[in-house]
Amino acid sequence: MSLSVVQGFTKSLAMTILSEIGDKTFFAAAILAMRHPRRLVLAGCLSALIVMTIFSALVGWAAPNLISRKWTHHITTILFLGFGLWSLWDAFHEGESEELAEVEAQLDADLKANGGVTKENKKDDDHLKKQRQPFLAQFFSPILLKAFSITFFGEWGDKSQLATIGLAADENPFGVVLGGIIGQALCTTAAVLGGKSLAKQISEKFVALSGGVLFIVFGIQSFLSPIDS
């Protein structure tokens, strides 16, 4: 494995973990996993994140072919420094657990709009956990599609998506995709298995602070590194 792949992998892995832990999609996965079969929630959330990671890396990989490598390098540097300052601002100006409360309120509103959750719904979910459905039929499960759509549109235009695009424009895209997918898998699995109890224990301020420092380090490294021709 070449050095460029390893560098892209480690940067993407670290950035993904610090961006996704405490993110809206992390909390959404945790809450959905408490209300629906975990395997369907995990499959839906993770597939959405994998699709988004690959798409973002492809956009980043294509960017230097559309505009000059010099400009993509400078844009990436500004992007990382800007996201670093943004994360530090969030860390010092936002209260703890605001994201969790906001996501839970949105999901509760969605449930009420669809008639709420009854005891029979919960029994149906428990029955689905035990019942083995045909493999292909699970891809059309309303629960899986709901988890996919919430996660996909939650990530669209998010800081982590834009950072992945910038990282793929400046690093080896294969390493970026590999690190991003593994990072997403670790975070999503933790959210689904840990549920709301784990989500409540996460310090959003510490995660935002760590992410801000990491983005600024990436920005400084990008600024100091030579531009590939």
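## Contact of H3 with H7

Leu40, Val41, Ala43, Gly44, Cys45, Ser47, Ala48, Leu49, Val51 and Met52 in H3 meet Ile143, Leu144, Ala147, Phe148, Thr151, Phe152 and Glu155 in H7, where contact means heavy atoms within 4.5 Å. By class, this contact of H3 with H7 has 13 nonpolar, 3 polar and 1 charged residues. Ala, Val, Leu, Ile, Met, Phe, Trp, Tyr, Cys and Pro count as nonpolar, Asp, Glu, Lys and Arg as charged, and the others, Gly among them, as polar.

The axes of H3 and H7 cross at roughly 35° and come within 7 Å. Axes are lines fitted to C-alpha atoms, for helices over the stretch in contact, and angles run from 0 to 180 degrees between N-to-C directions. The crossing of H3 past H7 is right-handed; a crossing is left-handed if the near helix is turned anticlockwise from the far one by less than a right angle, and right-handed if clockwise.

## Basis of the model

This is a predicted model, in which local features need pLDDT of at least 70 and side-chain atom pairs count only at pLDDT 80 or more, while totals for chains, interfaces and linings use all residues. Residues are numbered from 1 along each chain as its sequence is written, and side-chain values use heavy atoms, with hydrogens and water left out.

## Overall composition

The protein has 10 helices and 0 strands. Helices (H or I, at least four residues) and strands (E, at least two) are DSSP runs, numbered from the N terminus. In order from the N terminus, the elements read α-α-α-α-α-α-α-α-α-α.

Of the 229 residues, 43% count as buried. Buried means under 20% relative accessible area, exposed over 50%, and partly exposed in between (1.4 Å probe, protein chains only). Among contacts in the protein with a separation of 6 or more, 93% are between residues 24 or more positions apart.

## Contact of H3 with H8

Helix H3 covers residues 38–66 and helix H8 covers residues 159–170; their axes come within 7 Å and cross at roughly 45°. That angle makes H3 oblique to H8. Angles under 35 degrees count as roughly parallel, over 145 as roughly antiparallel, 65 to 115 as roughly perpendicular and the rest as oblique. H3 passes H8 in a right-handed crossing.

On the H3 side the contact uses Met52, Thr53, Phe55, Ser56, Ala57, Val59, Gly60, Trp61 and Pro64, and on the H8 side Gln161, Thr164, Ile165, Ala168 and Ala169. These residues of H3 and H8 divide into 9 nonpolar, 5 polar and no charged. Met52 is listed in the contact with H8 and also in the contact with H7.

## Contact of H2 with H3

Helix H2 (residues 24–35) packs on H3 at an angle of about 155°, with the two axes 8 Å apart. H2 and H3 are therefore roughly antiparallel to each other, and H2 passes H3 in a right-handed crossing. Ala29, Leu32 and Ala33 of H2 and Arg38, Val41 and Cys45 of H3 make the contact. By class, the contact of H2 with H3 has 5 nonpolar, no polar and 1 charged residues.

## Glutamate 155

Glutamate 155 lies in helix H7, which spans residues 142–155. Its relative accessibility is 2%, so glutamate 155 counts as buried. Not counting residues up to four places away in sequence, glutamate 155 touches Glu20, Asp23, Thr25, Leu49, Met52, Ser160 and Gln161.

Leucine 162 lies in helix H8 and counts as partly exposed, at 32% relative accessibility. Leaving aside neighbours within four places in sequence, leucine 162 is in contact with Leu79, Phe83 and Gly157. Leucine 162 and threonine 76 are 86 residues apart in sequence, and their C-alpha atoms are 9.6 Å apart in space.

Glycine 166 is also in helix H8, but glycine 166 counts as buried, at 5% relative accessibility. With residues up to four places away not counted, glycine 166 touches Thr76, Leu79 and Phe80. Glycine 166 and serine 56 are 110 residues apart in sequence and 8.8 Å apart from C-alpha to C-alpha.

## Cysteines

Cysteine 45 is buried, with a relative accessible area of 1%. Cysteine 187 is buried as well, with a relative accessible area of 5%. A search of the whole structure finds 0 disulfides, a disulfide being a pair of cysteine sulfur atoms within 2.5 Å. Cysteine 45 belongs to the H3 side of the contact with H7 and of the contact with H2.
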